[in-house]
Amino acid sequence: MSPKPRSLKVCPSNTAASDAEQISKLRASQSPIAIAVQRCPTWSSLEPLRFKRYWDNDSNGVLLNTGQTAYFTLDSPTRPRLSGGPLIGDYIFEQMHFHWSVDDFTGCEHVLDGHGYAAECHLVHYNSKYESLEAAVEHADGLAVVGYLLEAADAPNPSFDMFVEGLEQIRKPEHSVVVSAESLAWMNREDVTTGSYVTYKGSLTTPPYTECVTWIIYEKPVQIGMEQLGLLRQLEGADSVPIERNVRPTQRHPPGHSVIYVKQIKAKL
Ligand SMILES: [Zn+2]
């Protein structure tokens with residue numbers, strides 16, 4: 001008798017906490033990468049991701065044109081925190097920034113199943129066991145970055161309004177504007193806790209490309225209006241011409257460096 005074929009679905013029989021431990025031991029590679037989602041092992045026993053103080057934060061933030069990207073930070077001692085899913089411990093929100101291009105298909109860094117999108121948003125968090133983002137970068141479990149793929153749509157997405165209003169005022173490099181924390185709250189609350197994502201151990205996609213990031217990339221893209229995208233694309237770099245492209249090309253993903261597809265199960269309350 002031949003042995004039963006092994007299911008593609010890898011569901012370790014132990015607890016959710018040790019699922020995160022297994023992910024923490026994956027070998028890191030350079031980012032971004034192209035991911036064939038269908039070929040990733042599927043795990044559904046991880047804890048749900050927990051986003052705290054993203055939607056109920058009344059502090060102000062600053063939106064800055066760095067000359068390379070639109071860069072949002074919060075001016076608050078009580079920053080949002082991320083935990084659960086593949087993460088062990090709490091990760092503190094540090095900054096949000098964007099990658100884009102001149103067209104609607106080459107502006108994302110990660111590529112899922114060959115689909116290109118107009119832009120990608122990164123929410124950067126550092127492990128609360130380290131003193132700062134700078135200290136955390138030195139460690140393999142230092143950073144957790146949540147990535148959203150942004151899909152161009154005809155109609156504007158009202159949840160980006162706050163953020164986009166800020167963009168109008170930072171067209172020139174080094175310009176910044178005070179915006180409300182609502183600029184951060186465009187993610188759909190339902191989707192962040194029930195949406196599927198891919199996770200792997202990777203690197204920063206800007207110099208020094210340190211391999212210190214647990215990536216969490218949501219499968220479902222978020223829509224952004226063409227006009228809203230236009231405001232990102234009109235941001236000027238140091239040479240006072242619009243930043244055309246701030247995307248690192250996908251990197252070779254060596255064999256044996258796993259990407260896990262995580263199906264989130266709605267938490268029982
Ligand atoms: Zn980024």
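Which residue in β7 is the bridge partner of Phe 72? I looked this up first in the model, which is a predicted one. The partner of Phe 72 is Met 96.

**Entry 1. Strands around β7**

I then followed β7, residues 91–100, to its pairings. Strand β5, which covers residues 70–75, pairs with β7 in the antiparallel sense over 2 bridges. Strand β6, residues 81–84, also pairs with β7 in the antiparallel sense, over 2 bridges. In that pairing I found Leu 82 opposite Tyr 91. I noted that β6 and β7 make a hairpin, with 6 residues between the two strands. Gly 85 sits in the turn and has a positive phi of about 55 degrees.

How many bridges join β7 to β9? I find 9 bridges, and the two strands run antiparallel. Strand β9 covers residues 119–127. Met 96, the partner of Phe 72, also stands opposite Leu 123 in β9.

**Entry 2. Overall form**

I stepped back to the whole chain. The protein has 5 helices and 15 strands. I noted a radius of gyration of 18 Å, close to the 18 Å from the globule rule for 269 residues, so the protein is as compact as a globular protein of that length. The C-alpha trace spans about 70 × 40 × 35 Å along its principal axes. Of the 269 residues, 37% count as buried. I also looked up contacts with a separation of 6 or more, and 73% of them are between residues 24 or more positions apart.

**Entry 3. Core**

Which residues have the most contacts inside the largest nonpolar core? I list Ala 119, Leu 143, Val 145, Leu 150, Leu 167 and Leu 232, in a core of 67 residues. Strand β10, residues 143–153, gives the largest share of this core with 7 residues. I took Leu 167 from the list and looked up its contacts. Beyond four places in sequence, Leu 167 is in contact with Ala 70, Leu 231, Leu 232 and Leu 235.

**Entry 4. Two single residues**

Is Leu 112 buried or exposed? Leu 112 counts as buried because 23 C-beta neighbours lie inside 10 Å, and the cut-off for buried is 20 or more. This residue lies in strand β8, residues 111–112. Not counting residues up to four places away in sequence, Leu 112 touches Ile 35, Val 37 and Glu 219. I find the C-alpha atoms of Leu 112 and Val 164 separated by 26 Å, with the two residues 52 apart along the chain.

Pro 173 is in the loop between α3 (161–167) and β11 (176–180). I count Pro 173 as partly exposed because it has 17 C-beta neighbours inside 10 Å. Leaving aside neighbours within four places in sequence, Pro 173 is in contact with Asn 65, Gly 67, Glu 236, Gly 237 and Ala 238. The C-alpha atoms of Pro 173 and Ile 243 are separated by 10.0 Å, and the residues are 70 apart along the chain.

How values were computed:
Residues are numbered from 1 along each chain as its sequence is written. This is a predicted model: local features need pLDDT of at least 70, side-chain atom pairs count only at pLDDT 80 or more; totals for chains, interfaces and linings use all residues. A nonpolar core is a set of buried Ala, Val, Leu, Ile, Met, Phe, Trp, Tyr and Cys residues joined through C-beta atoms within 7 Å. A residue is buried if 20 or more other C-beta atoms lie within 10 Å of its own, exposed if 12 or fewer, and partly exposed in between; C-beta atoms are placed from the backbone. Helices (H or I, at least four residues) and strands (E, at least two) are DSSP runs, numbered from the N terminus. Two residues are in contact if their C-beta atoms, placed from the backbone, lie within 7 Å. The radius of gyration is taken over C-alpha atoms; the globule rule is 2.2 Å times the number of residues to the power 0.38. Two strands pair if DSSP finds at least two bridges between them.
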